[in-house]
Amino acid sequence: MSNDPQFAVWNGNTGAAWVASQDLVDRTLRPLQDLLVEPFQPTEAPLRVLDVGCGTGGTTVALARALGPTATITGVDVSSLMVEAARARAASDHLPISFTEGDAASHPFPPASFDLIVSRFGVMFFADPTAAFAHLRAAARPGAALRMLSWRGPEENPFMTTVERAAAPLLPDLPVRVADEPGQFGLAGEQRVRTILADAGWTDVTLQPVDPTCALPAAELPRYATGMGPVGALLPTLDEPLRRRVAEVAVDALATHVDGDELRFTAACWLIEAVAP
């Protein structure tokens, strides 16, 4: 078992919540998935593609459909729960995708084996991001492309911390998410990202701010508020009265983002690209 704290997070309540809500997560983040995948077209070239932090496989499946049957696509994730769900998804769609349970920062990928490395929010959790991206660069063929999405800082994504801020008075031990530390905002700083990738051996690094609008049905607000994020992961550990009170506060806080029959928010992200020399 890995000693990385992220292993426990994504193989515990957080991973279970993502699996239980994968349909909701996929619908909510669809604009970001489309943004990541939109440049890719079917090709006759036998491309080898790696999806880092593939989760339950939504982006991996989208890549397979976009690139066509000549592409060989592998998804890797530290969560056994999410990898199992991803395999089931690919099997139900009859897509020849392979999924690997492992830490992309250290997994023994064949050297110089991938033509394209992508990630939708799977690269912000590395304990040592420079070493992790150097490891991925070693797995990339010369000229291979890196294309990934990461969140910008919490100050630009107030929606993402709405529930924590509202629940904090009830949960004094709830950790505060900090930009540039492993976690959702682990690659929030532009110059830091540029330095990490350059030190890891990547070239032609670009960061483009993107701000798509994401939405979920207002009817799904309670499931989202109580199932996702640090508060959602903590809820199952609370006694019933406190759990009920925190859930009420979480739902009320997110209700301020409802417009008509939808809950809408801006996703302030970096679209990051680089090339393996």
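**A walk through the predicted chain**

S113 has a relative accessibility of 6% and therefore counts as buried (under 20% relative accessible area; exposed is over 50%, partly exposed in between, with a 1.4 Å probe and protein chains only). This is a predicted model, in which local features need pLDDT of at least 70 and side-chain atom pairs count only at pLDDT 80 or more, while totals for chains, interfaces and linings use all residues. Residues are numbered from 1 along each chain as its sequence is written, and side-chain values use heavy atoms, with hydrogens and water left out.

S113 sits in the loop between strand 3 and strand 4 (114-120). Leaving aside residues up to four places away in sequence, S113 touches R48, A139, A140 and R141, where a contact means heavy atoms within 4.5 Å. A polar atom of the S113 side chain also lies 2.7 Å from the backbone oxygen of P110. A polar contact is a pair of N or O atoms within 3.5 Å; within protein, one must be able to donate a hydrogen and the other to accept it, and residues adjacent in sequence count only if both atoms are side-chain atoms.

From this one residue, turn to the whole chain. It contains 12 helices and 10 strands, which are DSSP runs numbered from the N terminus (helices: H or I, at least four residues; strands: E, at least two). The radius of gyration is 18 Å, close to the 19 Å that the globule rule gives for 277 residues, so the chain is as compact as a globular protein of that length. That radius is taken over C-alpha atoms, and the rule is 2.2 Å times the number of residues to the power 0.38. Along the principal axes, the C-alpha atoms fill a box of roughly 55 × 40 × 40 Å.

Of the 277 residues, 51% count as buried. Among contacts between residues at least 6 apart in sequence, 81% join residues at least 24 apart. The chain exposes about 12200 Å², and carbon and sulfur atoms supply 55% of that area, as computed by the Shrake-Rupley method with a 1.4 Å probe.

Individual pairs show how sequence separation and spatial distance relate. D4, in the segment before helix 1 (5-10), is 123 residues from A127 in sequence and 7.7 Å from A127 in space, C-alpha to C-alpha. D4 counts as partly exposed at 22% relative accessibility. P39 lies in the loop between helix 4 (30-37) and strand 1 (48-52) and is partly exposed as well, with a relative accessible area of 41%. The C-alpha atoms of P39 and F133, 94 residues apart along the chain, are separated by 22 Å. S92, in helix 6, is 163 residues from A255 in sequence and 35 Å from A255 in space, C-alpha to C-alpha. The side chain of S92 reaches the backbone oxygen of R89 at 2.7 Å.

Backbone angles come last. Most residues other than glycine have a negative phi. H94, in the loop between helix 6 (80-92) and strand 3 (97-101), has a positive phi of about 55° although it is not a glycine. H94 is exposed, with a relative accessible area of 72%. D204 is not a glycine either, yet has a positive phi of about 50°. D204 lies in strand 6 (residues 203-210) and is exposed, with a relative accessible area of 57%.
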